[in-house]
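I opened the model today to look up a few things. My notes follow in the order I took them.

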Amino acid sequence: MNATVTAESASGAAVLEQPLVELRDAEKRYGNIIALRDVSLKVGAGEVMCVLGDNGAGKSTLIKIIAGLHQHTAGEYLVEGEPVKFNSPREALNRGIATVYQDLAVAPLMPVWRNFFLGSEQTKGWGPFKRLDVDFMKRTAKKELLDMGIDLRDVDQPIGTLSGGERQCVAIARAVYFGAKVLILDEPTAALGVKQSGVVLRYIIQARDRGLGVIFITHNPHHAYPVGDRFLLLKRGQSIGYHEKSGITLEELTGLMAGGAELEQLVHELRNVGTSTDTVRTIRDEIQDDSAAGVGRVSVTEAVGVIPGEYPDDAEDGDDAEDGRR
Ligand SMILES: Nc1ncnc2c1ncn2[C@@H]1O[C@H](COP(=O)(O)OP(=O)(O)OP(=O)(O)O)[C@@H](O)[C@H]1O
């Protein structure tokens, strides 16, 4: 794989020659188990790298290596061209690599602004007069969220009252504020309905447009395709495809996720036994749909059709029952 990125990103932003993060033929063994083998990927500033794979494909292992939780056992991991082996997530964070996990580490009863600054609280005054700079934190949280297009009615409201999608977005805005260069998003849309997924996809584009490199982990090609610049498909710890956006259609990506070669073999066999073209097509569509089952699918139009400032209000339309708490 070529180590330099010369193309323009989907946002049209100039892309750094040096990828921010790159894996070259990375391998991870847990004892005798090979969780990841010969996996390569790269992400530059202003790009979205999507990693797709079903359960057990090795997505979490990949995140753990990049985020500094585990070390690769072979191959190379480079940050801005420099080979690294992180000993802790703190080391990765110090290099600007932030991870937003699916089960966000938030304190649900604390206000949005407290969660925004959790672990990095701003203080003012000295010695015995030292206290939290509440005004600054509220103002900053409000502004940073607005800059990302998140217009919350009140940053004083407990974060637990926000929808799942909004909580993801606060986590993304927080990582951007604290200087992340690379954002790893661990299945941010997996537990969300269609509209909420569209909102999160919209913020992924925002982060990309602000020059971050985004690694978007998902098992839903319908979520990956509208925002991704390139796609890595994992299966049982190995790459089964690495594609630039220009080199693959949504249908092809979905087909690969659905089993690709196996699916084509099945179609071939069905045709051989005289199954009608319509029936073959229906069976193929059903199998492909099943590959994205269990998550709220969002069409390309729906995903990118969410206009900044016009975010769906789930409390009103009741799209995500569990989210309509405001
Ligand atoms: N600590 C570990 N020790 C041994 N085997 C592991 C360990 N972590 C992961 N594995 C194995 O590595 C393989 C890849 O797991 P991984 O969790 O990375 O997949 P995944 O794509 O994230 O799946 P899921 O979506 O279900 O979380 C699996 O076969 C898993 O059992």
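I began with the fold elements. The protein chain has 12 helices and 12 strands. I kept in mind that this is a predicted model.

Next I looked up burial. Of the 326 residues in the protein chain, 43% are buried. I then checked contacts with a separation of 6 or more. Residues 24 or more positions apart account for 70% of these in the protein chain.

Then I turned to the ligand. Which residues are around the ligand? I listed Y30, I33, A35, G53, N55, G56, A57, G58, K59, S60, T61 and G237. By class, this shell holds 4 nonpolar, 7 polar and 1 charged.

I also asked which elements supply the shell around the ligand. Strand 2 (33-43) and helix 1 (59-67) each supply at least two of its residues. Helix 1 gives the most, with 3 residues.

My last stop was a helix pair. I picked helix 5 (residues 164-177) and helix 6 (residues 194-209). Their axes come within 8 Å and cross at roughly 10°. Angles under 35 degrees count as roughly parallel, so helix 5 is roughly parallel to helix 6.

I wrote down both sides of the contact. Helix 5 contributes G164, G165, Q168, C169, I172 and V176. Helix 6 contributes Q196, V199, V200, Y203 and A207. How does this contact of helix 5 with helix 6 divide by class? I noted 7 nonpolar and 4 polar residues, with no charged residues.

Notes. Residues numbered from 1 in each chain as written. Predicted model: local features only at pLDDT ≥ 70, side-chain atom pairs only at ≥ 80, totals over all residues. Near = placed C-beta within 6 Å. Helix = DSSP H or I, 4+ residues; strand = E, 2+ residues; numbered from the N terminus. Nonpolar A, V, L, I, M, F, W, Y, C, P; charged D, E, K, R; others polar. Axes fitted to C-alpha atoms, helices over the stretch in contact; angles between N-to-C directions. Parallel < 35°, antiparallel > 145°, perpendicular 65-115°, else oblique. Contact = placed C-beta atoms within 7 Å. Buried ≥ 20, exposed ≤ 12 C-beta atoms within 10 Å, placed from the backbone.
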